[in-house]
Amino acid sequence: DYLLFYLTLVLNFDPTFNKALFLQANFYQQLKNYEIAEQIYQKIVITDPLYLEAQKNIAFNKTKNGNIKEAEKILITLIKSNQDDDTLIISLADFYRINKQYDKAISKYTDVIKLNNIDNNQLWRVLYMRGICFERNNQWKLAEKGFLYSLEIEPNTSQVLNYLAYGWIERNVFIDQSLEMLEKAVQKNPDSHYILDSLAWAYFKKNDLTKAVDLMEEVIKKA
């Protein structure tokens, strides 16, 4: 409330202060007041660096209100108008993934990978997200390949370690390696109850029931 109050004061002095508009809209977005957030985002001028981020937020907020087609149209229009910005293709791929349109998401993530011009900070994530889509599409071998490639780029990424290890445990393969990976993931992200849950599952598979129970008690506390 205090932050919104001071942002309103700032905008009373300068209604065209785009950074203040973005922050104000973002707060309303966090409060799930998506219509007011959109009204404010739309005030950010097209020449401002925050414009694209504002439009992406409008699109993703529309999905939360069930306006899937309208959100897709916004993202596709942004891509056509900003063909040098590959992050917009990633945003469209994320949009399809979030809305469980996995084939479309895989296609867009693959388009980005084929460009060969994204840095490793983006590439590991794109491979990971595409891997999730492959897994949801029951294409585990392709998912596994993507996760392993992602870990070649960023070996200590907790979410990738967790996803791959859990996939192996579910298939009763590489249990010892999965256990090591999950221990590493917990070290990197000790507050994640998802990773602790996977680690408990690994210990259960190893028939170390005492350790599994102890970890599940931690999961219950954190969840």
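Modeller: Let us begin with Asp-94. The model is predicted, and in it Asp-94 has a relative accessible area of 10%. The cut-off for buried is under 20%, so Asp-94 counts as buried.

Biologist: Where does Asp-94 lie, and which residues does Asp-94 touch?

Modeller: Asp-94 is part of helix H6. Leaving out residues up to four places away in sequence, Asp-94 touches Phe-60, Tyr-109, Arg-125 and Met-129.

Biologist: How is the packing of two helices to be described?

Modeller: Take helix H4 (residues 51-64) and helix H6 (residues 87-98), which pack at about 10° with their axes 11 Å apart. H4 is therefore roughly parallel to H6. On the H4 side the contact is made by Leu-52, Lys-56, Phe-60 and Thr-63, and on the H6 side by Thr-87, Leu-88, Ser-91, Asp-94, Phe-95 and Ile-98. Sorted by class, this contact has 5 nonpolar, 3 polar and 2 charged residues.

Biologist: At what angle do H6 and H7 pack, and which residues make the contact?

Modeller: H6 and H7 pack at an angle of about 160°, and their axes are 7 Å apart. This makes H6 roughly antiparallel to H7. The crossing of H6 past H7 is left-handed. From H6 the contact draws on Ile-89, Ile-90, Leu-92, Ala-93, Asp-94, Tyr-96 and Arg-97, and from H7 on Tyr-102, Lys-104, Ala-105, Lys-108, Tyr-109, Val-112 and Leu-115. These residues divide into 10 nonpolar, no polar and 4 charged.

Biologist: In which loop is Asn-138 found, and what is its phi?

Modeller: Asn-138 is in the loop between helix H8 (120-136) and helix H9 (140-153). Its phi is positive, at about 60°, although Asn-138 is not a glycine. With a relative accessible area of 74%, Asn-138 is exposed.

Biologist: How should I read a pair of aromatic rings?

Modeller: One gives the distance of the centres and the angle of the planes. In this model the count comes to 11 aromatic pairs. One of them joins Trp-140 and Phe-147, with 6.2 Å from centre to centre and 55° between the planes, and this pair is tilted. Both Trp-140 and Phe-147 are buried.

Biologist: Which aromatic cluster includes Trp-140 and Phe-147?

Modeller: Trp-140 and Phe-147 form one aromatic cluster together with Trp-124, Tyr-128 and Tyr-163.

Biologist: Is Tyr-166 buried, partly exposed or exposed, and what is Tyr-166 in contact with?

Modeller: Tyr-166 belongs to helix H10 (residues 158-170). At 33% relative accessibility, Tyr-166 counts as partly exposed. Neighbours within four places in sequence aside, Tyr-166 is in contact with Ser-198 and Trp-201. The C-alpha atom of Tyr-166 is separated by 9.8 Å from that of Met-181, which is 15 residues apart from Tyr-166 along the chain.

Biologist: How do the axes of H12 and H13 cross?

Modeller: Helix H12 (residues 193-205) and helix H13 (residues 209-222) have axes that come within 8 Å and cross at roughly 165°. H12 is therefore roughly antiparallel to H13. The crossing is left-handed. Among the residues that make the contact are Leu-196, Leu-199 and Tyr-203 of H12 and Ala-212, Leu-215 and Val-219 of H13. By class, the contact holds 10 nonpolar, 1 polar and 4 charged residues.

Biologist: How many helices and strands are in the protein chain, and how many of its residues are buried, as a percentage?

Modeller: The protein chain has 13 helices and 0 strands. Buried residues make up 45% of its 223 residues. Its C-alpha atoms fill a box of roughly 65 × 40 × 30 Å along the principal axes. Of the contacts with a separation of 6 or more, 43% are between residues 24 or more positions apart.

Conventions:
Residues are numbered from 1 along each chain as its sequence is written. This is a predicted model: local features need pLDDT of at least 70, side-chain atom pairs count only at pLDDT 80 or more; totals for chains, interfaces and linings use all residues. Side-chain values use heavy atoms; hydrogens and water are left out. Axes are lines fitted to C-alpha atoms, for helices over the stretch in contact, and angles run from 0 to 180 degrees between N-to-C directions. Helices (H or I, at least four residues) and strands (E, at least two) are DSSP runs, numbered from the N terminus. Angles under 35 degrees count as roughly parallel, over 145 as roughly antiparallel, 65 to 115 as roughly perpendicular and the rest as oblique. A crossing is left-handed if the near helix is turned anticlockwise from the far one by less than a right angle, and right-handed if clockwise. Contact means heavy atoms within 4.5 Å. Ala, Val, Leu, Ile, Met, Phe, Trp, Tyr, Cys and Pro count as nonpolar, Asp, Glu, Lys and Arg as charged, and the others, Gly among them, as polar. Rings of Phe, Tyr and Trp (its six-membered ring) pair if their centres lie within 6.5 Å; planes under 30 degrees apart count as stacked, over 60 as edge-to-face and the rest as tilted. Buried means under 20% relative accessible area, exposed over 50%, partly exposed in between (1.4 Å probe, protein chains only).
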